[in-house]
Amino acid sequence: MPRRKIGKRRVLALARLWRERLHLGDWKLSLLVEPIPEAEDCKAYCQAMPEYKEMTVAVDPEAVTPEELESTIVHELLHAHVEHLAGLALAMAGDDPIKREVVRLAEESLVVSLERAFVQAYAAPVEVLS
Ligand SMILES: [Zn+2]
């Protein structure tokens with residue numbers, strides 16, 4: 001059975017909804033809905049520049065399932081809030097690969113916890129998902 005794919009319209013609607021919910025309305029958001037090269041080894045990512053309140057969120061429509069789309073978008077948007085702190089921690093970690101990995105794991109763990117709490121508390125209304 002072929003896997004259902006996510007549509008760009010749904011990605012845009014969820015990103016718009018969660019951007020406001022997460023108080024990121026004053027950030028410039030560039031949203032990419034396109035395949036992510038395998039070398040990147042991810043289904044989605046966020047590149048945030050908190051000093052300019054700009055971020056790029058990319059979602060791979062061939063890798064993210066409809067069931068995980070909302071969580072994925074919330075997750076990537078939350079990285080924008082955490083980026084400044086993670087950047088400071090990475091600066092203190094310097095070139096030490098172990099310290100850098102500890103920072104990466106701590107950032108990811110925090111974002112996953114926040115994502116689950118927000119999605120559980122405020123799942124999108126059905127009309128946004130259709
Ligand atoms: Zn993440």
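This is a walk through the fold, from overall build to single residues.

The model is predicted: local features need pLDDT of at least 70, side-chain atom pairs count only at pLDDT 80 or more, and totals for chains, interfaces and linings use all residues. Residues are numbered from 1 along each chain as its sequence is written.

The protein chain has four helices and three strands. Both kinds of element are DSSP runs, numbered from the N terminus: helices are H or I with at least four residues, strands are E with at least two. Along the sequence the pattern reads α-β-β-β-α-α-α.

Consider the overall dimensions. The C-alpha atoms of the protein chain fill a box of roughly 45 × 35 × 25 Å along the principal axes. Of the 130 residues, 21% are buried. A residue is buried if 20 or more other C-beta atoms lie within 10 Å of its own, exposed if 12 or fewer, and partly exposed in between, with C-beta atoms placed from the backbone. Among contacts in the protein chain with a separation of 6 or more, 70% join residues 24 or more positions apart. A contact requires C-beta atoms, placed from the backbone, within 7 Å.

Next comes the sheet. Strands of a sheet pair through backbone hydrogen bonds, either parallel or antiparallel. Here three strands form an open sheet in the order β1-β3-β2, with mixed pairing. β1 and β2 stand at the edges with a single partner strand each, so one side of each has no neighbour in the sheet. The twist averages 10 degrees from one strand to the next. Two strands count as paired if DSSP finds at least two bridges between them. Strand β1 (residues 28–33) runs parallel to β3 over six bridges. Within that pairing, Ser30 has Thr56 of β3 as its bridge partner. Strand β2 (residues 44–49) pairs with β3 in the antiparallel sense, also over six bridges. There, Ala48 is bridged to Met55 of β3.

Strand β3 (residues 54–59) has alternating side chains. Met55, Val57 and Val59 point to one face and are buried.

Now the connections. Most residues other than glycine have a negative phi. Lys53 has a positive phi, near 50 degrees, and is not a glycine. Lys53 sits in the turn of the hairpin formed by β2 and β3, which has four residues between the strands. Lys53 counts as partly exposed because 13 C-beta neighbours lie inside 10 Å. Asp41 also has a positive phi, of about 55 degrees, although it is not a glycine. Asp41 belongs to the loop between β1 and β2. With 8 C-beta neighbours inside 10 Å, Asp41 counts as exposed.

The helices come next. Helix α1 (residues 8–21) lies across β1 and β3 and runs at about 155 degrees to β1. α2 packs on the sheet, touching β2 and β3, and its direction makes about 25 degrees with that of β2. For these angles, axes are lines fitted to C-alpha atoms, for helices over the stretch in contact, and values run from 0 to 180 degrees between N-to-C directions.

Leu69 is found in helix α2 (residues 69–93). Leu69 counts as buried because it has 21 C-beta neighbours inside 10 Å. Leaving aside neighbours within four places in sequence, Leu69 is in contact with Ile6, Arg10, Val11, Leu14 and Val64. Leu17 lies 52 residues from Leu69 in sequence and 13 Å away in space, C-alpha to C-alpha.

Helix α3 (residues 97–121) has 25 residues. From first C-alpha to last it reaches 36 Å, close to the 36 Å expected at 1.5 Å a residue. The expected span is 1.5 Å times one less than the number of residues. Val103, Val111 and Glu115 of α3 are buried. The cover over the buried residues of α3 includes α2.

Technical notes: Contact = placed C-beta atoms within 7 Å.
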